[in-house]
Amino acid sequence: MEIQLWREILEPYEMAVDELVIKFRNLMTEYRKRGMYSPIEQVEGRVKRISSLLDKAQKKQIPVENIAGEIEDIAGIRIICQFVEDIDKVVEIIRSRQDMEVRKEKDYIHHAKESGYRSYHMIIYYTVHTLDGPKKLKAEIQIRTLAMNFWATIEHSLQYKYKKNMPEHVRERLLKAAEAIIVLDHEMSTVREEIMDAQNTYSVKSEVIADILNNIQNLYRTANKREVVKIQDEFYHLYQQDDMEQLIRFNKQLDIIAESYRAQSLN
Ligand code: 0O2
């Protein structure tokens, strides 16, 4: 197939990957802005390279002209979670979305592959709107924990290095490492609540502090400088005490003061 034709085929997949990555990253942002724990930790996306597409087509005996119809991971999204429990949550989110239609699910978490590979895969239909009109495409979403991703990345490089001839001792080591990953994920799940709590507190604190600093900055423009310096000193004092409740109360008072100056400047 001509390079130009490949470009035409792959372009809508690039659009799909870009859009899907943004949509999942927006979800993360929404969770964090609401001071909630995000089940999504990282999002990556890629369009499969032409050489990988040709390799896969050859391996699966797919004629080149059928690649777009038969290879389901031309557009690939990877969602990384902190904990195994988060994977179920992300699967639920995807199942309930109006802009993604689930075609197939593969649960390699409960049914690991022979290699030891674990991940949850969803093949979805996703529509992109191009200059030529809407195009309904397939995309693969891989959902896995940070630990599973670590294993899969290393194993993928070794597969690439050894092609089909991975030495037995390397294969065994990888299987052992895969078992260790299961134990690690399980151990981390036992402290999940505490970790989630700590991360939530941190994100609420940074939002409150950003709010306070913003208010102080605005007051510098409208209020008496000496007053603002006093407010700023009070803030430093509270900050050093590291008492969240006091900081929240201080922020509320500051909101009222800032609001009154806004009203004054309108008058
Ligand atoms: P790449 O280079 O990552 O893109 P099938 O449904 O079985 O007919 P397919 O597409 O092989 O067809 O499905 P499968 O087995 O779910 O694999 C899809 C992708 O999952 C692979 O894409 C890999 O990215 C990943 N994967 C599957 N098995 C393994 C494994 O044992 N180790 C690692 N590291 N990743 C795996 P590609 O195109 O094979 O590879």
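This is a predicted model: local features need pLDDT of at least 70, side-chain atom pairs count only at pLDDT 80 or more; totals for chains, interfaces and linings use all residues.
Reader: What makes up the secondary structure of the protein, and in which pattern does it run along the sequence?

Author: The secondary structure comes to nine helices and five strands, and read along the sequence these follow the pattern α-β-α-α-β-α-β-β-β-α-α-α-α-α.

Reader: Why are the buried residues of α4 said to line one face of the helix?

Author: The buried residues of helix α4, which covers residues 84-96, are D86, I87, V90, V91, I93 and I94. Seen down the axis of α4, these buried residues fall within an arc of 160°, and they therefore line one face of the helix. On the other side of α4, D88 and S96 are exposed.

Reader: Why is the pair of F235 and Y236 called tilted?

Author: A pair of aromatic rings is described by the distance of the centres and the angle of the planes. Rings pair if their centres lie within 6.5 Å, and planes under 30 degrees apart count as stacked, over 60 as edge-to-face and the rest as tilted. The centres of F235 and Y236 are 5.7 Å apart and their planes stand at 45°, so the pair is tilted. By the rule for pairing, the count comes to three aromatic pairs, and F235, Y236 and Y239 form one aromatic cluster.

Reader: How do you know whether F235 is buried or exposed, and what is said of Y236?

Author: Buried means under 20% relative accessible area and exposed means over 50%, with partly exposed in between. F235 has a relative accessible area of 3%, so F235 is buried, whereas Y236 has 44% and therefore counts as partly exposed.

Reader: What makes K163 a residue that lies over the face of Y160, and where is K163 found?

Author: A charge sits over a ring if NZ of Lys or CZ of Arg is within 6 Å of the ring centre and within 35 degrees of the ring normal. K163 lies over the face of Y160 at 4.4 Å from the ring centre, and the charged end of K136 sits over the ring of Y125, 4.7 Å from its centre. K163 itself belongs to the loop between α5 (146-162) and α6 (168-190). Its relative accessible area of 57% is the reason why K163 is called exposed. K163 also has a positive phi of about 50°, although it is not a glycine.

Reader: What is the phi of D242, and why is D242 called partly exposed?

Author: D242 is a residue other than glycine, and its phi is a positive value near 55°. D242 is placed in the loop between α8 (225-241) and α9 (244-266). Its relative accessible area is 48%, so D242 is partly exposed.

Reader: What is V204 in contact with, leaving aside its neighbours within four places in sequence?

Author: V204, which lies in helix α7 (residues 192-222), is in contact with G35 and M244 once those neighbours are left aside. The C-alpha atoms of V204 and K33 are separated by 8.6 Å, although these residues are 171 residues apart along the chain. At 33% relative accessibility, V204 counts as partly exposed.

Reader: Where is M36 found, and what is M36 in contact with?

Author: M36 is found in the loop between α1 (3-33) and β1 (42-47). Leaving aside its neighbours within four places in sequence, M36 is in contact with Y31 and N200. With a relative accessible area of 39%, M36 is partly exposed. The C-alpha atoms of M36 and Y220, 184 residues apart along the chain, are separated by 32 Å.

Definitions and conventions: Residues are numbered from 1 along each chain as its sequence is written. Side-chain values use heavy atoms; hydrogens and water are left out. Buried means under 20% relative accessible area, exposed over 50%, partly exposed in between (1.4 Å probe, protein chains only). Helices (H or I, at least four residues) and strands (E, at least two) are DSSP runs, numbered from the N terminus. The arc is that of the directions from the helix axis to the C-beta atoms. Rings of Phe, Tyr and Trp (its six-membered ring) pair if their centres lie within 6.5 Å; planes under 30 degrees apart count as stacked, over 60 as edge-to-face and the rest as tilted. Contact means heavy atoms within 4.5 Å.
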